[in-house]
Amino acid sequence: MIIINTTLSFADEIQSNAIEWLKTDYMPLLKACPLVNSVDLFSIEAQQGADDCFALQIRFNSTESFTMYKAKFQQDFEAALYAKFTNQFGMFKTILTSL
C-alpha cells in the first residue's frame, strides 16, 4: 500500500470553508478516480502552539496504481486545490509505503 499524506494548513478566515470544500467537493472527486483505493481527512492535534493542520490521505493498493495516478491525475488534482485557495494555505506532502 502507498499513501500520499498531504498536510494542509489554511488561513484562519477560510479554514471552515476550506474543510467543507475538501469534504463535499474535492474528496469525492479523488474517490471517483479508479486508481485510488480510499481517501480520508484527519485533524492533526496541535503541538506547541502550532496552527491547525489537517492530513489528507490518498491510498493506493499498488505501486502501479500510484505511478499511474502521478502520471495522469495528480497534477490536475493539485491544480484544483491551488486554484481554489491561491496564497491562502500551506501544504507539505509525504509519500508513505507499507513495509
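Is Glu13 buried or exposed? I find Glu13 exposed, because its relative accessible area is 64% and exposed means over 50%, buried under 20%, partly exposed in between (1.4 Å probe, protein chains only). Glu13 sits in the loop between strand 1 and helix 1 (15–32).

Before going on, I note that this is a predicted model, where local features need pLDDT of at least 70, side-chain atom pairs count only at pLDDT 80 or more, and totals for chains, interfaces and linings use all residues. Residues are numbered from 1 along each chain as its sequence is written, and side-chain values use heavy atoms, without hydrogens and water.

Next I looked up Asn5, in strand 1. Asn5 counts as buried, because its relative accessibility is 12%. Its side chain makes a polar contact (N or O atoms within 3.5 Å, one able to donate a hydrogen and the other to accept it) with the side chain of Gln57, at 2.8 Å.

Then I searched for cavities (sets of points on a 1 Å grid over the protein atoms alone where a 1.4 Å probe fits but cannot get out; lining residues have an atom within 4 Å of a point). I found 1 cavity of 30 Å³ or more. The largest cavity holds about 90 Å³, a volume being the space filled by probe spheres set on the points.

Which element gives the most to this lining? Helix 3 does, with 3 residues. Among the lining residues I list Ile4, Tyr26, Gln74 and Lys93.

Key:
1 Å grid on protein atoms, 1.4 Å probe; cavity = no way out; pocket = protein on both sides within 12 Å on 5 of 7 lines; lining within 4 Å. Helix = DSSP H or I, 4+ residues; strand = E, 2+ residues; numbered from the N terminus.
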